[in-house]
Amino acid sequence: MTGRALRMAALLWLLLACAVSPARADEFRPAYLQLTEVAPGAYDVLWKLPALDESTPLRLRPVFPEGTEVTGAVRATYAAGTMVQRWRIRVDGGLAGRSIAFAELDATRIDVLVRVVHADGAEQLGRASISAPSITIEARPGPWEVARSYTVLGVEHILGGIDHLLFVLALLLLVDGVRRLVATITAFTVAHSITLGAAALGVVALPGPPVEAAIALSIVFVAAEIVKARDGVPTITQRQPWIVAFAFGLLHGLGFAGALAEVGLPTGSIPLALLCFNVGVELGQLAFVAATLLVIGAGRWASRRLGLSAPAWIGRVPPYAIGGVASFWAIQRIAAF
């Protein structure tokens with residue numbers, strides 16, 4: 001198999017994953033619990049979880065410490081596959097130092113994001129999972145808690161955002177040379193950092209569905225550029241890929257901001273949380289690039305050792321697969337407007 005053909009064929013593992021991903025590949029799907037302290041020992045509860053319809057939410061619920069009293073009626077609404085419930089509880093002595101567990105967590109196999117807003121403005125963000133099905137509320141969460149939580153959120157978001165990874169993969173297939181690749185990835189990073197910060201701080205506001213559809217179309221565009229490059233047609237993406245990466249990076253940053261809006265930013269630590277979320281996104285992106293280059297390198301080594309070769313047409317499979325998956329996403333997202 002030739003080096004370029006193997007370079008493309010070895011990456012089809014990601015395309016197979018993309019083909020079975022939902023149209024909203026960038027969407028956070030964990031459950032979400034927010035507790036806002038409104039008076040000593042009194043908390044407003046916001047509970048969001050995936051649901052099949054208005055009467056069929058996932059069998060998952062928070063279990064508060066013994067002695068917790070529900071002081072108001074539970075109000076529930078349903079929209080776009082999500083059930084939202086609101087009520088108020090009272091806990092003698094408050095929740096500080098106590099734990100909240102989640103019943104049926106092992107059966108649902110999803111994580112739960114937990115955000116606690118204390119009366120003095122201090123905020124705590126944590127995650128409950130099958131391996132750690134409860135979370136302990138801290139009296140005064142420090143900056144380390146914010147930094148750790150938002151960095152992890154950033155890493156998990158980019159690694160779960162198949163559309164963003166598919167765009168990066170297309171750039172890897174298009175750009176030759178380490179220096180050009182570094183410049184291209186850096187341009188993408190700088191651009192999405194700009195719009196992520198601007199959108200998270202309310203400077204820019206665009207509706208989510210059109211942004212998601214445009215992100216899918218950006219992947220289609222780059223896939224088409226790969227095909228043109230293979231045919232020897234000069235394109236701006238091939239000559240100056242950092243320009244295209246920067247332009248579309250601005251768009252992808254709005255997608256990152258939409259995910260961040262699911263959990264919000266802690267009032268007293270907005271710069272730190274925003275910085276750490278962005279750092280997490282970059283760490284996840286670098287991990288993906290490193291893993292992809294490792295697969296390419298291993299494939300090239302194997303081809304040299306085994307003397308493999310492949311027909312020229314196999315080099316067209318990855319860009320057409322990328323474009324096909326992204327086109328499917330674009331159609332679904334536009335139809336969902």
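Helices (H or I, at least four residues) and strands (E, at least two) are DSSP runs, numbered from the N terminus. Keep that in mind for the labels below.

This is a predicted model, where local features need pLDDT of at least 70, side-chain atom pairs count only at pLDDT 80 or more, and totals for chains, interfaces and linings use all residues. Residues are numbered from 1 along each chain as its sequence is written, and side-chain values use heavy atoms, without hydrogens and water.

**Stop 1: the cavity.** Select Arg115, Glu123, Gln124, Leu125, Val146, Tyr150 and Pro266. They line the largest cavity. Strand S9 (123-128) and helix H4 (143-160) each give two or more residues to this lining. S9 gives the largest share, 3 residues. A cavity is a set of points on a 1 Å grid over the protein atoms alone where a 1.4 Å probe fits but cannot get out; lining residues have an atom within 4 Å of a point.

**Stop 2: the helix pair.** Now show H4 and H9 (241-260). Their axes, lines fitted to C-alpha atoms over the stretch in contact, come within 11 Å and cross at roughly 125°. That makes H4 oblique to H9, because angles under 35 degrees count as roughly parallel, over 145 as roughly antiparallel, 65 to 115 as roughly perpendicular and the rest as oblique. Angles run from 0 to 180 degrees between N-to-C directions.

**Stop 3: Ala261.** Go to the loop between H9 and helix H10 (270-306), and pick Ala261. Is Ala261 buried or exposed? At 60% relative accessibility, Ala261 counts as exposed (over 50%; buried is under 20%, with a 1.4 Å probe and protein chains only).

Conventions. On a 1 Å grid over the protein atoms alone, a cavity is a set of points where a 1.4 Å probe fits but cannot get out, and a pocket is an open set with protein on both sides within 12 Å along at least five of seven lines; lining residues have an atom within 4 Å of a point.
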